[in-house]
Amino acid sequence: MSSRLFQSVRERRGLSYDIRSQIQYFDDVGGWAVTAGLATDRVSEAWAAIMRELDRICTKRPGAAELKRTKEYLIGNFRLGLEQVRSRMFYFGNCVQTYGRVLPPEEVVAGIAAVTADDVIEACGGTVPKVELPKRPENIDINPPEERKPEKLPKWRKILGAITGCLFGGLLL
């Protein structure tokens, strides 16, 4: 099973040999990154395909089956990750830094299980900013509109935004 980006950009269009998304989140800010390995002569085409896929996740609700598979995937990976001592310690440290306490694994699993298709759309804010491909696209920073900056969002929206980033990285077709 592969993410939407992998299926759309790599498998269907053959635009990259590797593509993935990842998130980094903290209490007050976060980042959602897409990385791709591709031929320099296909950058523009790949950029357009990636932006279409980002827009799709923010404007079209995932279907029930897709959302169910995604949540099962995330919960399974989360539980497996806690089996390794090192991963568990990173999890504890991240929880304390981000939330001021260690979240019991059951709370995290319940949070993932409770995410709805509407939550995914809401966490995205409904749109992805339209950004032109820079001349040197090695590192592209897309900032949210002023009204969606992290300091202006309630805490639950920041956390849900992080979950949405996870969903996008693991949304399965």
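Predicted model: local features only at pLDDT ≥ 70, side-chain atom pairs only at ≥ 80, totals over all residues.
Me: What is the overall make-up of the protein, read along the sequence?
Reply: The protein has 7 helices and 2 strands, and along the sequence these follow the pattern α-β-β-α-α-α-α-α-α. Of its 173 residues, 33% count as buried.

Me: Why is helix 2 called oblique to helix 6?
Reply: Helix 2 (residues 43–59) and helix 6 (residues 117–124) pack at an angle of about 120 degrees, with their axes 7 Å apart. Angles of 65 to 115 count as roughly perpendicular and those over 145 as roughly antiparallel, so helix 2 is oblique to helix 6.

Me: What makes up the contact of helix 2 with helix 6?
Reply: Ile57, Cys58 and Thr59 in helix 2 meet Val120, Ile121 and Cys124 in helix 6. The residues of this contact divide into 5 nonpolar, 1 polar and no charged.

Me: Why is the pair of Phe78 and Tyr91 called edge-to-face?
Reply: This is one of the 2 aromatic pairs that the structure holds. The ring centres of Phe78 and Tyr91 lie 5.4 Å apart, and their planes stand at 70 degrees; since planes over 60 degrees apart count as edge-to-face, the pair is given that name. The pair links distant parts of the chain, with Phe78 in helix 3 (residues 64–81) and Tyr91 in helix 4 (residues 85–99), 13 residues apart.

Me: Why is the pair of Tyr91 and Phe92 called tilted?
Reply: The centres of these rings, Tyr91 and Phe92, are 5.9 Å apart and their planes are at 55 degrees. Stacked planes are under 30 degrees apart and edge-to-face planes over 60, so the pair is tilted. Phe78, Tyr91 and Phe92 form one aromatic cluster.

Me: How do you know whether Tyr91 is buried or exposed?
Reply: Tyr91 has a relative accessible area of 13%, and because buried means under 20%, Tyr91 is buried. Phe78 is buried too, whereas Phe92, with a relative accessible area of 29%, is partly exposed.

Definitions and conventions: Residues numbered from 1 in each chain as written. Heavy atoms only, no water. Axes fitted to C-alpha atoms, helices over the stretch in contact; angles between N-to-C directions. Helix = DSSP H or I, 4+ residues; strand = E, 2+ residues; numbered from the N terminus. Parallel < 35°, antiparallel > 145°, perpendicular 65-115°, else oblique. Contact = heavy atoms within 4.5 Å. Nonpolar A, V, L, I, M, F, W, Y, C, P; charged D, E, K, R; others polar. Phe/Tyr/Trp six-rings, centres within 6.5 Å; stacked < 30°, edge-to-face > 60°. Buried < 20%, exposed > 50% of the residue type's maximum accessible area, 1.4 Å probe, protein only.
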